[in-house]
Amino acid sequence: MTAALIYYEVSVPDLAIFAVYVALGIALPGLLLVRALYRGTRTLLLMEQIALGLALGYAMEIMAYIAARALGAPLLVLAWPITTYVFFLAVPRLRRHWRSRACPAAPAWYSWSLALLVAYLVGWSAFTFFRVNTLTWPGLGASYFDMPYHLALIGELKHHMPPTVPMVAGEPLLYHWFVYAHFAAASWVTGVEPLVLLFRLAMLPMLVAFVVLVGALGHRVTRSRVGALLSIGGTIFVAVPSLYPNANGLVTWTGVQHAPWDSPTQTFGALLSVPVVLLLVEFLEPRQRWHGAGRWLLLGIFLFAVMGAKATYLPMFVVGLTVVAVVEAVRRRRLSRSCLAALGMTVACLVYAQLVLFGGASQAMVVDPLSLMRRTWGELAGLGEHAEPPLASLAGITLLYVLSWAVTWCGIAGLLRRPRSLARPGVLLILGIGAAGIGAVILFGSPAMNQGYFLRGAYPYLAVAAAHGFLVVVRHERVSRLALVCAAVLGVVAAHLIRVLADVRVPLSPGESDVVLYRPYIALLALAALTAVVLRVTRPRVLGWAVTISLITAIGPLSAWHARALLIAYGSGEEGVHRVNRPVSGEVREGALTAGRWLRAHSDPGDLVATNAHCVWGYQNPCDSRHFWVSALTERRVLVEGWAYAASSLSRWRPGQSASQLPFWDDERIRLNEAAFHAPSAISMRRLHDGYGVRWLFVDERLLSPEAEIEKFARFQIRSGDYAVYRVPDGPDS
């Protein structure tokens, strides 16, 4: 890990101070609190205790930073780890938590397997993200287009609380922004540039802790270290089958690691969600109850953190807990008090998040059944994402999705061999979460397929359920390891042969019938049916579920590797799986960094900037308003930069439109802003200054006409490449 980071432009001092900060400022105080509040630590491996402590440390840091930043003293975020250390040194009853309690020893094969998985994730990050998203120009200017958006939000959280949208001054930030609070706190404490934290450092400890905690949850549910490893492997490697040789229009997201850097909110939310599910499983399972108020306090802290980390998780938790409550009420004719209490806490957090934190904004998430299927059909058929499929084609592509999901998590079918396992509250919980993720993908629509984040969020829990079902049926049928390995190898070979022999390339050629889209998947279904028939004939006493599941599931990892190969070839970003041409942030030239850093150093955090850069370069007509580099590099609020992700813009989106091409909603503001650049005058400058408080102009001179003479009406400060910075006069005599 260290070698990879140093190779990809991270300095040794930055790496060292960040490592010390994570260890002593987040993980260790979190570990002490976990040991004091959570009696179940005795059943966790030491690495699992540390991972849980790191997750709790993140949650505590967020709460501390919100208060510290609101008080105007961001370094007060250090009060929480310092106070924790003082209490655990001064209070005799707490001192024992410095020592590691007796805990199960990790099998050597399990520890080495986790180490290899972490090494894979680091290598995956290096090849797919570090390699194409550099810290210097020209690579930085061609980063994935969401990266400057994330960077701008970090700058906003560094200097303001409560935060607003930095690209559109005054626009409320109705978004899950807690991960940016962590970035901001880390930058204040360590002095490491937000750019380095975002592009290189901050996601790695989250990924490591996520892997370890998924294993802990898998062990809780399956009661087996093999099941724990299968749960992690299913989360990382198993994917929706990709049976088109050149690309796949289906959702191929596989857990959080698929694009951890492109979506830090998803990575952060995924990490914090696992402790919630782990605690809920222990609350609901009679055999795993540890009494004490500490666990309820931990649950409340983690629910609060998840609430602002990623909006997709709380609704899925509500569905999962509701499923448990209903089934338990039917089976036992009584309601579980633990389940109802947890459900009440989750609903309370959900209501608060929707009404207060997110202000009731939907972020363009609308009820639009089968929206994803219609868009997928249009892309695969070569007719565009807004094409409306015939009813038969829509039904076909929907069945294709259902078949793909059934293949991906076919291990869950193994639970049918032992219904008692299926009825366990912990299993019902994770199945309910998984069903909610799939249901949301089917029910909702959004301009950027953001409903897919529900499925991505549910992925680890579906993987745990599939691993549990697989182990149940293997134990029931007593299948040899050799048979399972042979079946898995056959599945890998079959997936490759189906892809090559079917040879369906997307998008389809003009006039080509969309029936050919289903050819490889019909072959896959025929293979599964043939396998079941053969096993039924050769082993008449049992159907041979274990071998069948092993064969079918093995098709997923090869599909994942195929999708990963496309990403390695064409860069990261979830859209890279669907399209060869990966969207980037536009041609932002080297001078932008110098000019932006100069403005950051010579202005106050409260100063307002105006710019003429609103559109991704090359997409000015119509304007793709996902331009965020000015606010990202200056760490200053901008009167109007890119508005594509602002709630006021997304609220106007309707299915069939391009959300990134909607015009700015405030005609007066955009008119006055543009006048200062294209028809500058003393009056236009005074209106910006007096009417909106603009103090600086950040100019992309490629967009100016030769007649524009800004220097006559504003004070020139610096020019770097194609960018210039001017100071707006305070008054007519300035």
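First, my residue classes: I count Ala, Val, Leu, Ile, Met, Phe, Trp, Tyr, Cys and Pro as nonpolar, Asp, Glu, Lys and Arg as charged, and the others, Gly among them, as polar. By those classes, the lining of the second largest pocket has 20 nonpolar, six polar and one charged residues.

Ground rules next. This is a predicted model, where local features need pLDDT of at least 70 and side-chain atom pairs pLDDT 80 or more, while totals for chains, interfaces and linings use all residues. I number residues from 1 along each chain as its sequence is written, and side-chain values use heavy atoms, with hydrogens and water left out.

**Pocket.** I work on a 1 Å grid over the protein atoms alone: a cavity is a set of points where a 1.4 Å probe fits but cannot get out, a pocket is an open set with protein on both sides within 12 Å along at least five of seven lines, and lining residues have an atom within 4 Å of a point. Grid points are joined across faces, edges and corners, and a volume is the space filled by probe spheres set on the points. The second largest pocket holds about 840 Å³. It has 27 lining residues, and Val-226, Leu-230, Phe-470, Ser-550 and Thr-553 are the closest to its centre. My helices are DSSP runs (H or I, at least four residues), numbered from the N terminus. α20 gives the largest share of this lining, six residues.

**Cavities.** I found six of 30 Å³ or more in the whole structure. The largest cavity has about 50 Å³ of space. Its lining includes Tyr-149, Gln-363 and Tyr-645, and divides into nine nonpolar, one polar and no charged residues.

**Helix pair.** How do α14 and α19 pack? I got an angle of about 135° with axes 7 Å apart; axes are lines fitted to C-alpha atoms over the stretch in contact, and angles run from 0 to 180 degrees between N-to-C directions. The two helices are therefore oblique to each other (under 35 degrees is roughly parallel, over 145 roughly antiparallel, 65 to 115 roughly perpendicular, the rest oblique).

**Backbone.** Most residues other than glycine have a negative phi, and most peptide bonds are trans. I noted the Met-161 to Pro-162 bond as cis, omega near 0°, and the Val-506 to Pro-507 bond as cis, omega near -5°. Pro-507 sits in the loop between α21 and α22. Glu-9, not a glycine, has a positive phi of about 80°, in the loop between α1 and α2.
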